[in-house]
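Trainee: I have just opened this model and would like to learn how to read it. Could you walk me through some features, one at a time?

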Amino acid sequence: MPEPVPAEKPAGEDVSEPTNDDAPPADGDSDVDWDESETTELTGLFVEKPPDNVVVITGSDAIFIARVDSTTLARKPTMKWLKGKWLDLGSKAGKHMQFKETYDRNTKVCIYTYEMKINKVVPGDAGGYRCEVTAKDKCDSSTFEISVEAVQQETLGDDLAAFKRALVISVVKKRPEKEEPEIDVWELLKSAHPSEYEKIAFKYGITDLRGMLKRLKKMTAPEPKYSEGTLSLPWGGGGWVMDFILRGGKNSNGNKRTLTINRTTLADDAAYECVVGEDKSFTEVFVKEPPITITKLMDDYHVVVGERVEFEVEVSEEGAHVMWLDVELHKDKDSKFRFKKDGKKHTLIIQEATLDDIGMYHAWTNGGHTKGELEVEEKELEVLQDIADLTVKATDQAVFKCEVSDDKVTGKWFKDGKEVLPSDRIKMSHIGRFHRLVIDDVKPEDAGDYTFVPDGYALSLSAKLNFLEIKIDYVPRQEPPKIHLDTTGSMVSQNTIILVAGNKLRLDVEITGEPAPTVVWSKGDQVNIYGRVRVESRKDLSSFVIEGAEREDEGNYTIVVTNPSGEDKAVLFVKIVDVPDPPQHVKCTSVGEDTAIIVWDPPKFDGGAPIKGYLMERKKKGSSRWTKLNFDVYESTTYEAKRMIEGVFYEMRVFAVNSIGLSQPSLNSKPFMPIAPTSEPTRLTVNDVTDSTCSLRWLAPDKIGAGGLDGYIIEYCKEGDTNWVVANKELCEKQGFMVRGLPVGEKINFRVMAVNIAGNSPPAIMSQPVTIREIVEHPKIRVPRDLRTKYIRKVGEKINLTIPFQGKPRPIATWFKDGQPIDPKMVNIRNSNVDSILFIRSAEREHSGKYELLLQIENMEDRATIEIRIVEKPGPPLKVRVTDVWSFNAALEWDPPKDNGNCDITGYTIQKSDLKTKEWFTVYEHNRRTNCTASDLIMGNEYRFRVYSENLCGLSEEPGLSKNTAVIAKTGVNVFKQNSYKEMDLSCVPKFTQPLVDRTVVAGYSTAISCAVRGFPKPKIVWMKNKMIIGEDPKFLMQNNQGVLTLKIRKPSTFDGGKYTCLAVNELGRDEVECKLDPTSVQPAPGPPHRRLLRLASVSPLPGSSSSSSVLMETLQSSSSSSSSSDLYVAFPETRPRRVVYEHRV
């Protein structure tokens, strides 16, 4: 058996691997690595299995191999690799996990080899695994455990060391002892690993896992078993501890220490211990598997004794554990019960059902439950073909044949009450459903009554064998013809024969007369009979045969025999009886919570025999399993079906029964659902009353049920009257209704009923009558808080103001603007009973003003005023001019814009441009005065200036340009004429000199990413996120300062993570750089923060730097009152690390 292959190690290094104390040892072995000498017990389909326990070093490769013998299999086996109980590793196939299947066709042994390879094992790969092979109705599985150990690390950083001095946590996982064969299951559980609890509980029939764990905890308190030394959780060297470094986190809040485990698995089910000084704190973590729901419910079964039963359910996950129980009978399951798994389908199979198997069967998962009922009835033996009487001559062959419904039934033959034994002349055979008795060379002593008796049934079939003697008369004579009819058997009278449809009729009529008479059979006017109805003639015998009788074969048949001596005639009436036609028009007339009333019409044709009654069957919609509702014949055509599940659709069908048998089933009824009416509505109250209306409100019923809720019916009547009037013509779907047309001053009672498909609910009635009279209420305008001050909107925006008010009867609302009625062409007004809406689709400057709402009820009124101002961007400043130039400075002045945009000017933006480059640079922003001084101008350049005005809406569309320029003259420099030279071509393709760097930032704190680019002509810069161009999103600020490109991200969230790309493009080419931004969330420590003052005593550069400084900063942090100092590494803008020694005090 090959072992997991570790990564190659340098020559001379010890190749032994460290053991994992957390992995359970194999039987008879200690906790050491497994090798090729380790053997595994082989069972079922597996020829070779993976080992039970594997220890792998982090970063190495592991290979697991399983081999399956397919010699006895009808089809190719299917292999699944699973982790835990639910995770199918086939969906994880890729670079990390690889699966391989091979089959050697050159050898005669049919062995399939399956391989799972894990590349560069990580701590998350630790846990329990299972390989499962299936082939049609055969399956086998093998479980094994993988433990991962991390490479020992010598140094882990000073910040981790500081935390280690404050907290030492020992993490200990329970290690299973060697499993000994014990009779007591609790002793077995105490010594087993927690991951084996479920397997042991299922093996010994324990269903209450939570109760089992509680009892086990009371029996013996968990004692943690220490591994070598005391591990400090975040920095331990074991693979199991390193798993917590990757998936967990630590948190410190004053004297409180928190250990967080993310993405818990079953391997995290363990005991944990925290040690601080000499104090210890101990706890246990129990990891519960996710719930498994049942997606397909179990069907009911109705079978006869000996039939096969398959209860099938379907769950939400493959490989789920399903518990089968017979709660009602508490039977012990023996070998006759089989359990089958096929993906998500789980099946309970009963090979041969008996009367003891009757009951309700339940299937449980940890997230669902379903049940199905099994009904078993005794098997009745039906005679499909009876034995016919025979008349044979000497030396002929006599054959008695019968057919029964069960091909497994055996029986015995009797003659005149004595059992017939086989001999050379007498042979008995049983082929399928047919039983034959053959008598060769018939003799006179063979005549008599023959009976076939099936074994185990109170039933017998009888027939008579008549021996026909041949007489030889040497004296010629003449005898008139004579018909000798046998009046026994199926003859109910001398001229009537009753025949069951589908059966065969053979009527042997003995005829005498000398010379031999001529025989003619006829039916009505039809003389020649052929086909299924035929005549077979022999000397002194005429046989009338009907093969597979049908209804049209019914009628009078005439036989006429003639010879020279005379004529004889007989008339027979053949009556065909059959099973009745199916019942008609099966339908459900009413339903209850778990019942339904079913009615139907009798069949059109009763089969020639009176209808004895009916049999009913039902099934769930979409299912194919029918369940019988009655075993005794039911005589009425109305039936109440019971014991149904509310909310499930059912279908019904009916069989008619007469003395011949059972009819074909009727057509299925339309699906119906057993449901019950809802409970009454709750909290019926009066919302409003006027002179002719009353507004009611209520809440939905407490119990609605599976039938849902279609609506409500509202009724009213006068006080003292019992005649309730329906107020709504159609069902009211809302939980409120206004009853109109009520008489003024009358006292009215109201009631509300809920309606669904099952009918009306009990009514909810008002506790006392309501007097119909209008209530006068003073008008009152409720101006929203944001409209009590000046309401400012930009030009083009939509204005939609809703002003609520109250008053009864309905007030009259009127709007005014600046004292004048509002023009409806400019402003839309819509009034209702409780509010007034002012709507402007696109605001313009002329919409500004004071709007007044007047609310009137008769001689009462209320007023409210709202001031609306519509603003837009201002115009450009006027008369921009350079008033003075001195040294490297220039003085500018301008006049305010003519149009301020209907709001105050908040400032000006001044920009400059030299006439050489003609590029504009901002000199001042938000300058509030109408003059400024531009400094730091370059000697020898000539500058032009422009000014933008700014208000609440932003900068003006157009700037004001200066009419004159500012020339910075050269002073103190000898002017000389330069020699002509060829200007150097500075054109170059864009190239990033400083790339973007991947960053991890804290969510909610603004950040920035930077890079540097060069190129001429000046390249165009485009920022992209996940290959999508970042437009005018206010969350991002893009800056370009002399080729240094910066993207500022305001308060990034987790959704802002991804790849950011900076693209530089000019006419010569393009270049791009990208980085990854990963925002992480930080949970604040609980408790009120305390302000701590941190004073940096000194900031000194690390070797290679020469500067030092001092700084004072504040932070919020919870702490004790003690002071301390330590080293802290920080990164300054120049990206050189510095050592900061700080002191803190509360």
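Trainee: Which residue forms a salt bridge with Glu-852?

Mentor: In general, side chains of opposite charge can pair when their charged atoms come close. Here Glu-852 pairs with Arg-863, and their closest N and O atoms are 3.0 Å apart. The term salt bridge asks for a side-chain nitrogen of Lys or Arg within 4 Å of a carboxyl oxygen of Asp or Glu. This pair links distant parts of the chain, with Glu-852 in strand β63 and Arg-863 in strand β64, 11 residues apart. Strands here are DSSP runs (E, at least two residues), numbered from the N terminus.

Trainee: What should I keep in mind about the model itself?

Mentor: It is a predicted model, where local features need pLDDT of at least 70 and side-chain atom pairs count only at pLDDT 80 or more, while totals for chains, interfaces and linings use all residues. Residues are numbered from 1 along each chain as its sequence is written, and side-chain values use heavy atoms, with hydrogens and water left out.

Trainee: Is Glu-852 buried, partly exposed or exposed?

Mentor: Glu-852 is partly exposed at 21% relative accessibility, and Arg-863 is partly exposed at 43%. Buried means under 20% relative accessible area, exposed over 50%, and partly exposed in between (1.4 Å probe, protein chains only).

Trainee: How do strands β63 and β64 run, and how many bridges join them?

Mentor: Strands of a sheet pair through backbone hydrogen bonds, either parallel or antiparallel. In this case β63 (residues 849-857) and β64 (residues 860-871) run antiparallel, joined by 9 bridges. For a pairing to count, DSSP must find at least two bridges between the strands. The open sheet around them has 5 strands in the order β57-β64-β63-β59-β60, with mixed pairing. Its edges are β57 (791-794) and β60 (820-821); each has a single partner strand, so one side of each has no neighbour in the sheet.

Trainee: How many salt bridges are there by this rule?

Mentor: The count comes to 33. One of them joins Arg-551 to Asp-581, with the closest N and O atoms 3.3 Å apart. Arg-551 lies in the loop between β38 and β39 (555-563) and Asp-581 in the loop between β40 (566-577) and β41 (584-591), so the pair ties together parts 30 residues apart in sequence. There is also a network of salt bridges linking Lys-504, Arg-506, Asp-508, Arg-534, Glu-536 and Glu-547.

Trainee: How do I read aromatic rings?

Mentor: A pair of aromatic rings is described by the distance of the centres and the angle of the planes. Rings of Phe, Tyr and Trp (its six-membered ring) pair if their centres lie within 6.5 Å; planes under 30 degrees apart count as stacked, over 60 as edge-to-face and the rest as tilted. This structure holds 17 aromatic pairs. Trp-521 and Phe-544 have ring centres 4.9 Å apart and planes at 15 degrees, so they are stacked. Trp-521 is buried at 4% relative accessibility, and Phe-544 is buried at 1%. For Trp-894 and Tyr-908, the centres are 5.5 Å apart and the planes at 65 degrees, so that pair is edge-to-face.

Trainee: Which residues do ring pairs link into a cluster?

Mentor: The cluster consists of Phe-64, Trp-81, Tyr-129 and Phe-144.

How values were computed. Helix = DSSP H or I, 4+ residues; strand = E, 2+ residues; numbered from the N terminus.
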